Amino acid sequence: MKKTLNIIPLGGVGEIGKNMTVLEYDEDILIIDCGLIFPDEDMPGIDAVIPDMTYLEQNKERIRGILLTHGHEDHIGALPYALQSFRAPIFGSAFTIALAEHKLSEAKIRDADLRRVNPRDSIELGNFKVEFIKTGHSIAGALALAITTPLGVVMHTGDFKIDLTPIDGEPIDINRFAYYGTRGVLALLSDSTNIERPGHTQSEKELGKTFERVFVAAKGRVIVASFASNVYRLQQVADHAIAHGRVICFQGRSMEQVAQIAQKLGYMRIPEERVVRAEQLKNYKDEQVCVITTGSQGEPMSGLYRMANASHRLNIGKGDTVVISASAIPGNEKGVSRVINALFEKGADVIYDQMADVHVSGHACREELRLMLSITKPRYFIPVHGEYRHLQMHAALAQEMGVEVQNIFAMEIGKVLELSPRKGVCKQTVQAGSIKVDGNAGIEDIVLKDRKTLSEYGLVVAVITLDSETGRVVAPTQLISRGFIYMKDAEPLIAEAIEQLKMECARFEGADKSDYAGIKNAVKSRLKNFLYSKTKRNPMVIPIVNEI
């Protein structure tokens, strides 16, 4: 049988984030990205959501390498979890590898095989030859991939946009995409995030006009909140601040760490004497200060949040100008709104995305995606990095651009796309999905369901003491409530509930010890039904049966 090239998304399709794609040919496996998603509000206690990597664990001896397109958490955040199960050399740009190294160090993983590459570098990994291509994104060091396989070239754009005037002066290497397009691209996997937006994404440089106006008008301190990883944004803010005679103070753990890494690798260039620590700001007038901080998404532990809520040494007040240089990620709108309101209450002048151009996307809009399809001319097209509607809309665009409909695959997580020179087909699936992580352990859905029940309805514990010989209740039955009712205000309800338990226990007098499981289930069922009938609420009920 002729061998096929298999493409298996383990994350990043039908969702934004948790990006992980597997390429498989013969006995060789390549992994593209290894990301996570941060938990939703309905996931209490969960630290992160990562791809189910069971298939990779089962085939770990076949893994030849992990290719990182860039250093955002949704592309590198699951590395510490992956490396607990399998090892392989990890490739990425200098900035991406530095961020990955820091993340792994925090997880106490110090023996990872991390390898830095530059744009247009090529490596060979089993049946695969990989070339790294410079792209533009909202983080330094973003790379696309041209992967030559025995069946043809697979191109993966990573997260990208076409910015012809980037801050670093090095635009996306369109020539390299065109080079492969003229020679024939078997399959293109392309970023779908901004498919709904017409036209082109604004250049990062366009924000310079807004920042210039801010610093001209500001009479006191200027505080700018942004994503820590967007070093191009941080560089622009710093350049305008310094031009107006201000010093720079980075705040927020991730902001300070990323700024230090970016400075060391040359992705940011700020004169050392213009960067000061928080405790040094007392030596400067307010009009000489610019603070760059985390918190653009309203995170409760971030620098901006604590400044807005008077729990930071650089608390914000009247006369300060605050710029939130980001748009709210879906799901974060309420948190961002709370921070903005708190800033206004403190008397600050607040500038955010609905008032001025303070943010541009890092993802290609519709015409840029059209251009990518035009210059690569793929035989097969697989939209990635998008929710279901994004994938379908991107698939429709590919059809507009001449890709045959039977060669377009809007994939599902775990589906195996088998490609041959003649056709592509999805015949099978592998185990895949999401793992919810609490600390270092995955949490089952039943545990998460219990947590949600506890958070919504609380807990009631019934403690019953029985005679081991007769099965009779021999001590006062106790009810303990946490998060359900306030015991002192509900004495009649408690007394009635205890009577219900006594009646239920009377039915089991003389029962064998082997029946105690039945006693617990009966007590739990009766108490739940009683409490619901009285309160219309369903607390978690835990019966404890002691014997003496």
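Trainee: Which strands does the hairpin join, and through how many residues?
Mentor: The hairpin connects β10 to β11 through 2 residues. Strands here are DSSP runs of E, at least two residues, and helices are runs of H or I, at least four, numbered from the N terminus. Keep in mind that this is a predicted model, where local features need pLDDT of at least 70, side-chain atom pairs count only at pLDDT 80 or more, and totals for chains, interfaces and linings use all residues. Residues are numbered from 1 along each chain as its sequence is written, and side-chain values use heavy atoms, leaving out hydrogens and water.

Trainee: OK, how many bridges join β10 to β11?
Mentor: 5, and the two strands run antiparallel; strands pair if DSSP finds at least two bridges between them.

Trainee: Is β11 mostly covered or uncovered?
Mentor: Mostly covered: 5 of its 5 residues are buried, meaning under 20% relative accessible area with a 1.4 Å probe, protein chains only.

Trainee: New topic: which residues touch the most other members of the largest nonpolar core?
Mentor: Met53, Leu56, Leu79 and Phe95, out of 66 residues. Such a core is a set of buried Ala, Val, Leu, Ile, Met, Phe, Trp, Tyr and Cys residues joined through side-chain atoms within 4.5 Å. Another core, of 30 residues, lies apart from that one and includes Val13 and Tyr25.

Technical notes
Buried < 20%, exposed > 50% of the residue type's maximum accessible area, 1.4 Å probe, protein only.
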